[in-house]
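Look at the structure first, then read on.

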Amino acid sequence: MAAPTTDDNRVRLDKWLWAARFYKTRSLAKEAIEGGKVHYNNQRCKPGRMVETGAKLTLRLGWQEKVIIVDDISDRRRGAPEAQKLYHETDDSIKKREDLAWQRKTMQAAQLPPARRPSKKDRRDIQRFREQNNI
């Protein structure tokens, strides 16, 4: 697993998120924590919060929301296979993310693109319609 860290295996939350490869830099991890996108045991926290094994983290990354459990602690950023050993995602979180992804895909499929570009007459009609509704 990960190499032991100094000071009794204590690592700041922003540093752990960086080492686990959720964020590219520590400053991005810090901004996400301060912006409320990271919750530690279902509570907002500060970037200096010390991470403990078994802690539950909720991360919002774009469209996704991941719920992970901390398995190991490391303050060193290593390769992706080693970083994935630091945590595991809960089964409910995986199922929820897959369901939301499926919903987004079906919504995109439901919105068919127009069959052709609007003609000059169509553009005039669209413009006239917009002008009537803006007044």
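This is a predicted model: local features need pLDDT of at least 70, side-chain atom pairs count only at pLDDT 80 or more; totals for chains, interfaces and linings use all residues.

Q: What makes Trp16, Phe22 and Tyr87 one aromatic cluster?
A: Rings pair if their centres lie within 6.5 Å. Trp16 and Tyr87 have centres 6.4 Å apart. Phe22 and Tyr87 are 4.7 Å apart, centre to centre. Tyr87 takes part in both pairs, so Trp16, Phe22 and Tyr87 form one cluster.

Q: Why is the pair of Trp16 and Tyr87 called edge-to-face?
A: The planes of Trp16 and Tyr87 meet at 75°. Over 60 degrees counts as edge-to-face, so this pair qualifies.

Q: Which parts of the chain does the pair of Trp16 and Tyr87 link?
A: Trp16 is in helix H2 (residues 13–19) and Tyr87 in strand S5 (residues 87–89). The two residues are 71 residues apart.

Q: Why is the pair of Phe22 and Tyr87 called tilted?
A: Their planes are at 45°. Under 30 degrees would be stacked and over 60 edge-to-face, so the rest, this angle included, is tilted.

Q: Are Phe22 and Tyr87 buried or exposed?
A: Both Phe22 and Tyr87 are buried. Trp16 is buried as well.

Q: How many helices and strands does the protein chain have?
A: It has six helices and five strands.

Q: How do you know that the protein chain is more spread out than a compact globule?
A: Its radius of gyration is 23 Å. The globule rule gives 14 Å for 135 residues, so the chain is well over that value.

Note on methods. Residues are numbered from 1 along each chain as its sequence is written. Side-chain values use heavy atoms; hydrogens and water are left out. Helices (H or I, at least four residues) and strands (E, at least two) are DSSP runs, numbered from the N terminus. The radius of gyration is taken over C-alpha atoms; the globule rule is 2.2 Å times the number of residues to the power 0.38. Rings of Phe, Tyr and Trp (its six-membered ring) pair if their centres lie within 6.5 Å; planes under 30 degrees apart count as stacked, over 60 as edge-to-face and the rest as tilted. Buried means under 20% relative accessible area, exposed over 50%, partly exposed in between (1.4 Å probe, protein chains only).
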